Structures are given as C-alpha cells and as structure tokens.
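Please look through the model below, beginning with the overall fold and then moving to individual residues.

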Amino acid sequence: MAASDLSFLLTIFTRFLTLSPFTTSKLLSSPSSPSPISIPTPHSSSLLDPKQLKALQSLNIPTGKDPCTPLHNNSPTTTITCDSSTPFRHVISLSLTNCSDDVALSLTALKSLSTLNTLRFFNCPIKPIHFPSQLTSNLKSFTCINSLKKLTGVWLSRLQNLTDLAVSHVSVTASGPSIILNGMKNLRTVSISNANLTGHLPKHWHGNVSYVDLSGNKLKGKIPSSLTELENLVYLNLSSNELNGSIPESFGDLSSLQNVSLGSNSLSGSIPDSFAAISGLVHLDLGSNQLNGSVPKFISDMRKLKYLNLEKNNFHGVLTFNASFIKKLVVLKIGENLNLCYNHSTLSKKVKLGISPCDKHGLPMSPSPSKEINSDDSNDSEDYADDESEQKQHSHGPSKVVLGIAIALSLIVFLIIFLILLAKCCK
C-alpha cells in the first residue's frame, strides 16, 4: 500500500472518532455498514433513573436536569452521588442539610431510593418513618445530626448492615446502647453523643469497631473490661456521663488507642500502670473525676502525647513532669488537685500549673497557687513589704494628732478652771 493511501485512511479514521456518540452509532448501524458495531455510551452521559428523579423531587430536593452531574449538584442543602450504571444511573449517597419545614419522608420515595448505601441528615428535624427493607439492607453509613425527631433504639437497631453510625444532638429513647449495637456485626465506627441515652455500656462489642463516641449521655455503671478487647480501637470518648468505679486494669490492651476521653464522670481509683503500653496516645482526658493516687511517671514518657487533662481530681504527691515534657504539650490541665504539688527546683514558678510548689516534705506549700509570687519577683515583694510598713506608719499618724489635740484641749480647760478659782480666791 502506498504511503499516500495509508495517510488518507488514517485521516478518515481520525475524523470518524471525533464524531459524537449519537452520530457514530447511526453510522455503524446503517444498512450500508457491512457489520454493525455498537459503541457503548460513556457512563457520564447516562441520566438518573426516572423513578429516583421523581422520588427526589417529591422530597423537595432540587434536581435540575441531571442531579448526578457536578454542574447540577451544587445545592447548599443537598449532596448527591450516583453510580455509573447503564442505561440509567442510580443514587448511592444522599445528604440533606437544613431541610425546610415542608420536607417529609415518603415511603414510596424511599422505596425508589433503595439503592442508597449512604444517607445523611444535618439539621433536618423531620419526622422519621420505617425504612423499606431493601433500603435498610443496603445502607452502610447513616448519619443523623440534630435531625429526625424522636428516634428510638429499636428504629436504629434495624440498620443491621451499617459499618458507620453517627447520631448526635437528637434524643434517642432506649434502655442502653446494646439494643442499638448488638445486631450491627459489621460496625466500624459508632457515635451516639448528646442523645440523652440511658443505661449501661455494652458488655459485648464486635471486634471490627475502631471508633467509639458515647459522650454527653446519661450512661452509668462501670466501664466493662470487654471494651478493652477491641484491639483496633483508635478513638474512645465516654466523657460527660455518669460512669463510676475504676478504670479497668486491662486498659493498656488497647494498644492502638490515640485518643481517650473519660472526663466528667465519677471514676475513682488510680490510673492503671497498663496505660504505659499505649505508646501512640495523643489525647488523654481524665479530668473532672474522683481519681486518686500519684500521677504516674510513665505519662511523661509518652512521646506523642499533646493533650493532657488531669484537673479536678484527688491526685496527691509530687508531680514528676519536667520542663521539656510540659513544653511539648499543646494543652496541660492539672489544677484543682489540692494535695498535688511540683518540685520548684525542677519547674520554674513562672509555669502556672494551678498547683502549689512542694515543701521539703513533698507537701503543697502555702500560699495557695492563686496567691503565688514568681521567684524573680522577690525584689517586688520586698518593696511591697516596705510599702506596707510605710502605710502602717501613715495609718498611725492621724491617731497621734488626735491625741495631741486632746491633750492641748485638756490643758486649756484646766487653765481656765485654774484662773476662775484663782479669781474667786482673790476676792
């Protein structure tokens, strides 16, 4: 074949590829084509399933011509993600934010949206309804923040195939988290916070869980040792509850922990020595409890620690932290431990810890931390003493003047009486 013929064929083939998919398919399916070839339409040009489009519209969700395309998916109140199936795409993720008052969940609409695996509500205080079984089965991630009035533990427990559950700032009626979580065998992250949840912590946990946030509830009782069997647990927040008893000795088995918050409870006892095994700890909050004993020295060996809160407890003895450890912390709260003190030869008084320096017996010195004077302010304290004595002298000044006037008046009165008596005698 001549080079000119080859060049001509390449030019024709290039022009053929630049034709629109519609034109190309017409050409390939024409009778003149010896062997019809079908070129699939790109997924991005597929439209949303008409039933799902109608379902979104029934929920007053702005859809545009095609809600799956980025150009029509910039609504500040709605985020939609679709798959790439043909001939129609399907919604797999839906987020509703700041819902209007006229939005109401419809069973018919939810049946049409059963392809969802992610459903999120943010500031949508609308009334929940029972999800259709197919949607319940398909959902993998469910988020409800300040949304869906009057949730119950039974309602949430039906979402058994979830891997991620987040419920916050909405009241959940249940006798405990176990009712919700026991059937969710695939759960990886769970957050049920500020939900007025009562009862006790679950005694059984599924091993996949890596994130637990049950803060801001009314949970009571002890922390079960079964919780420390979650070897993948990275985040644990049980703060602001009514938990009591001691921290389990096996807590150090949570070797993957990076963030632990047990503050604002009624926990007692000492910090378990096993905490030393949690080398990757970044955030440790044990504040506002009734913990006692000494502050363990191993805490200062935690190289990754950035946030430490031990305030408002009953710790005692000498704080073993040095200046370099304190300096690397972003947050340190250690105050309001009345029997805890620090070595003033190791730490400068300029470091305001909220506790007193120790005396030679290892006991807190007077005055209290609020009246503490920095060591480099000794000259100022001497000046203050001089000023104080000067003020005392001034304070005595007016008394001496008054005494002098009183004596002078007495002498004058005595002199007048003497003169009167002398005049009578002369007569």
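**A walk through the chain**

Ser240 lies in the loop between β14 and β15, where helices (H or I, at least four residues) and strands (E, at least two) are DSSP runs numbered from the N terminus. This is a predicted model, in which local features need pLDDT of at least 70 and side-chain atom pairs count only at pLDDT 80 or more, while totals for chains, interfaces and linings use all residues. Residues are numbered from 1 along each chain as its sequence is written, and side-chain values use heavy atoms, with hydrogens and water left out.

Ser240 has a positive phi of about 55° although it is not a glycine, and at 37% relative accessibility it counts as partly exposed; buried here means under 20% relative accessible area, exposed means over 50%, and partly exposed lies in between (1.4 Å probe, protein chains only). Lys312 also has a positive phi, near 55°, in a residue other than glycine; Lys312 is found in the loop between β20 (307–309) and β21 and is partly exposed, with a relative accessible area of 38%. A further backbone feature is the cis peptide bond from Thr86 to Pro87, with omega near 0°, and Pro87 lies in the loop between β2 and β3. As background, most residues other than glycine have a negative phi, and most peptide bonds are trans.

Taken as a whole, the chain contains nine helices and 24 strands, and 38% of its 427 residues count as buried. The accessible surface of the chain comes to about 24100 Å², of which 57% belongs to carbon and sulfur atoms; such areas come from the Shrake-Rupley method with a 1.4 Å probe, and for residues only the protein chains shown count as cover. Among contacts (heavy atoms within 4.5 Å) between residues at least 6 apart in sequence, 40% join residues at least 24 apart.

An open sheet of eight strands runs in the order β11-β13-β15-β17-β19-β21-β23-β24, with parallel pairing, and its edge strands are β11 and β24 (356–357), each of which pairs on one side only. Two strands are taken to pair if DSSP finds at least two bridges between them. Strand β11 (residues 198–200) and β13 pair in the parallel sense over three bridges, with Gly199 standing opposite Leu219 in β13. On β13 there are also two bridges to strand β15 (residues 242–246), again parallel, and the bridge partner of Lys220 in β15 is Glu242.

Asn241, in the loop between β14 (235–237) and β15, counts as buried at 8% relative accessibility. Not counting residues up to four places away in sequence, Asn241 touches Leu214, Ser215, Gly216, Asn217, Lys218, Leu219, Ser264 and Asn265. Asn259, in strand β16 (residues 259–261), also counts as buried, at 17% relative accessibility. Leaving aside neighbours within four places in sequence, Asn259 is in contact with Val234, Tyr235, Leu236, Leu281 and His283.

The buried residues of α3 are Gln52, Leu53, Ala55 and Leu56, and they cover an arc of only 160° around the axis, which puts them on the same side of α3; the arc is that of the directions from the helix axis to the C-beta atoms. These buried residues pack against β1 (47–48), β2 (78–82), β3 (88–89), β4 (91–97) and α4 (107–112), whereas Lys51 and Lys54, on the other side of α3, are exposed.

Arg188 forms a salt bridge (a side-chain nitrogen of Lys or Arg within 4 Å of a carboxyl oxygen of Asp or Glu) with Asp164, the closest N and O atoms being 3.6 Å apart. The pair links distant parts of the chain, with Arg188 in the loop between α7 (177–181) and β10 (189–193) and Asp164 in strand β8 (residues 164–168), 24 residues apart. By this rule the count comes to one salt bridge, and Arg188 counts as partly exposed at 42% relative accessibility.
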